[in-house]
Amino acid sequence: MKTVYSPLHAGHAGTMELMSGAIVPGFEKPSRAEIIKARVESEKLGPILAPEVHDLAAAKRIHKADYIDFLPTIYPEWEALGRSGSAIPYTWPTRGLRGDVVPGTIDAKLGYYSFDAGAPFVKGTWEAIKSSYDVALTGAKLVRNGEPAFALCRPPGHHAGAGFMGGYCYINNAAVAAQWLLDQGAKRVSILDVDYHHGNGTQEIFYSRADVQVLNLHGDPMVEYPYFLGHADERGEGAGEGFNINYPLPFGTTWEAWNAALDDACAKLAAYGPDVVVVSLGVDTFEKDPISQFKLKSSDYPRIGARIARLNLPTLFVMEGGYAVEEIGVNAVGVLTGFEGR
Ligand SMILES: [Zn+2]
């Protein structure tokens, strides 16, 4: 399997985040992608390709144009005020406030275009976002041309909605890839999100559509981030009714229960009959993940890949989360080698 990777992700570095009352170094850090890349090499998964550079038209097919246009302006505007460090919002237009007026200052715009403080900007963040987007689209092109591919995206994307960032995510790479595949002629695409966290952005983007089926296995939002989406009764709306399928699972979920949910998801996916599967590949379901509460073991990840392979469909893997940095390469690449039947 070919991997698509860009070194430009590394400019998104040195971020900070708020956790349990303390400012801590960001868990979503460059070593994640580097360790996965090293594992791709040591496991001889296949060639590692540089992404083709794209304009932003494919991003604007699923994201709001003003949101995409805002992203490259953030850090220049931040620096023009004499600031450094991480550009992070601190005010949001929540219930009772106006969400229909785009404000005029950078602090307010950051809040307007986000749902939390978890998507910090540093000097190299935009170039990393853009490279991650290019990686996803280049992977999608490989799949369209008839081979499975691994888009080693960083930063991840599945928390980013049509008009907002959050949860380490800015452009929704999996959603961009799915839409691009539709635009290239696919009639139906399924997005199978196996990251520990609910892919709220992906759900929001496709919630009223029948041409993209979205299946999500994740920590129960009653107790787990992103908290405000991901319940089992969210099944899509309008034409999309029935095409959004959530599997919220309790803290402590081990392979047996997780795999039962995966098996059910794969059955529903097969029944939908997509032309392509996009897998939002997070490995923060791992038992040693520092911010997650499931209990999958490294030996479980190849079994995930093997189950997805049995769908016998063109498949694009798009990297999402996973924060147990030492094991992230073993687990992520384990899914891919399992997919290949090794
Ligand atoms: Zn996650």
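His197 is buried, at a relative accessible area of 6%. The model is predicted.

His197 is one of the residues that hold the zinc ion: the coordinating atoms are OD of Asp195, ND1 of His197 and OD of Asp284, at 2.0 to 2.1 Å. Along the chain these donors are spaced as D-x1-H-x86-D. His197 sits in the loop between β6 (189-193) and α8 (200-206), and Asp284 in the loop between β9 and α10, so the pair links distant parts of the chain, 87 residues apart.

Thr285 is also placed in the loop between β9 (276-281) and α10 (301-309). Its side chain forms a polar contact of 2.7 Å with the side chain of Tyr301. Beyond its neighbours within four places in sequence, Thr285 is in contact with several residues, among them Asp195, Trp258 and Phe294.

Asn246 belongs to strand β8 (residues 244-249). The side chain of Asn246 makes a polar contact of 3.0 Å with the side chain of Gln203 and reaches the backbone oxygen of His231 at 3.0 Å. Not counting residues up to four places away in sequence, Asn246 touches residues including His198, Asn216, His218 and Glu234. Between Asn246 and Tyr75 the C-alpha to C-alpha distance is 36 Å, with 171 residues separating them in sequence.

Relative accessibility of the residues discussed:

| Residue | Relative accessibility | Class |
|---|---|---|
| His197 | 6% | buried |
| Asp284 | 0% | buried |
| Thr285 | 0% | buried |
| Asn246 | 8% | buried |

Asn246 counts as buried because its 8% relative accessibility falls under the 20% cut-off.

Methods. Residues numbered from 1 in each chain as written. Predicted model: local features only at pLDDT ≥ 70, side-chain atom pairs only at ≥ 80, totals over all residues. Heavy atoms only, no water. Helix = DSSP H or I, 4+ residues; strand = E, 2+ residues; numbered from the N terminus. Buried < 20%, exposed > 50% of the residue type's maximum accessible area, 1.4 Å probe, protein only. Polar contact = N/O pair within 3.5 Å; in protein donor to acceptor, adjacent residues only side chain to side chain. Contact = heavy atoms within 4.5 Å. Donors = N, O, S within 2.8 Å, 3.2 Å for Na, K, Ca; no water.
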